[in-house]
Amino acid sequence: GLAVKQGLPMEEGLKAITINAARICGVDDRLGSLSKGKDADIAISDTIDYLYTGGIAGYSLGLIENCHFSGEISGCKYVGGIAGSIDDEALVVGCTSEGEVSGRHSVGGIVGNNRGTIEDCINDAAVSAPESVGGIAGHSGYYIRRCINNGSSTNAQTYVRGLAGSSAYSIEHCINHGTIATLGNAKSVGG
């Protein structure tokens, strides 16, 4: 903030309030940077008109493993508790989501738009959107394997399901415990 305005380079300013502060407090082994095995609190705001909004990543080209999202997230298109969208070779594995995930299109408790593979994930978040709502993925064009949805999928007029709002490929060995609710005469509703 103030130090950056006075000339401190932006990267050094960020370190001053993250990793350097954690080192001073003696907790840099578990806080202060985004690394495997560390705790992180992330605030995401002003995303209502953007594509690719996620609690961990907006758009992923690689591996997201053993991450947890807890809170509320809202966006426009491709909104997920873990990732807004994952690409062809991307993998989301062992992740969990809880809280509320909402948007306008392709909204999922784990991933909004799945073009990769989602495995061994659990969603406890309430998911809502007018179109393509799923407890695991809003839209899935590839694999969803061994996932569990406990969260509700609601507010949809088209494509609302417990696991994937719309799916063009394979859903294997998954369980839906979540409630599915629609507005009026919804099209394409499933468990």
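Predicted model: local features only at pLDDT ≥ 70, side-chain atom pairs only at ≥ 80, totals over all residues.

Reader: How do the strands of a sheet pair, and in which order do the strands stand here?

Author: In general, strands of a sheet pair through backbone hydrogen bonds, either parallel or antiparallel. Here, five strands form an open sheet with parallel pairing, in the order 2-6-10-15-19. Strand 2 (57-60) and strand 19 (164-167) each have a single partner strand and stand at the edges, so one side of each is left without a neighbour in the sheet. From one strand to the next, the twist averages 5 degrees.

Reader: How many bridges join strand 10 to strand 15?

Author: Strand 10 (residues 111-114) and strand 15 (residues 137-140) run parallel and are joined by three bridges. As one example, N113 has H139 in strand 15 as its bridge partner.

Reader: Is N149 buried or exposed?

Author: A residue is called buried when its relative accessible area is under 20%. The value for N149 is 0%, so N149 is buried. This residue lies in strand 17 (residues 148-149). Its side chain makes a polar contact of 2.7 Å with the side chain of N176. Leaving aside residues up to four places away in sequence, N149 touches several others, among them N123, G135, L163 and H177.

Reader: Which residues have the most contacts inside the largest nonpolar core?

Author: They are V92, I110, I118 and I144, in a core of 29 residues. Strand 4 (68-74) and strand 6 (83-86) are the elements that give two or more residues to this core.

Methods:
Residues numbered from 1 in each chain as written. Heavy atoms only, no water. Pairing = 2+ DSSP bridges. Helix = DSSP H or I, 4+ residues; strand = E, 2+ residues; numbered from the N terminus. Axes fitted to C-alpha atoms, helices over the stretch in contact; angles between N-to-C directions. Buried < 20%, exposed > 50% of the residue type's maximum accessible area, 1.4 Å probe, protein only. Polar contact = N/O pair within 3.5 Å; in protein donor to acceptor, adjacent residues only side chain to side chain. Contact = heavy atoms within 4.5 Å. Core = buried A, V, L, I, M, F, W, Y, C linked by side-chain atoms within 4.5 Å.
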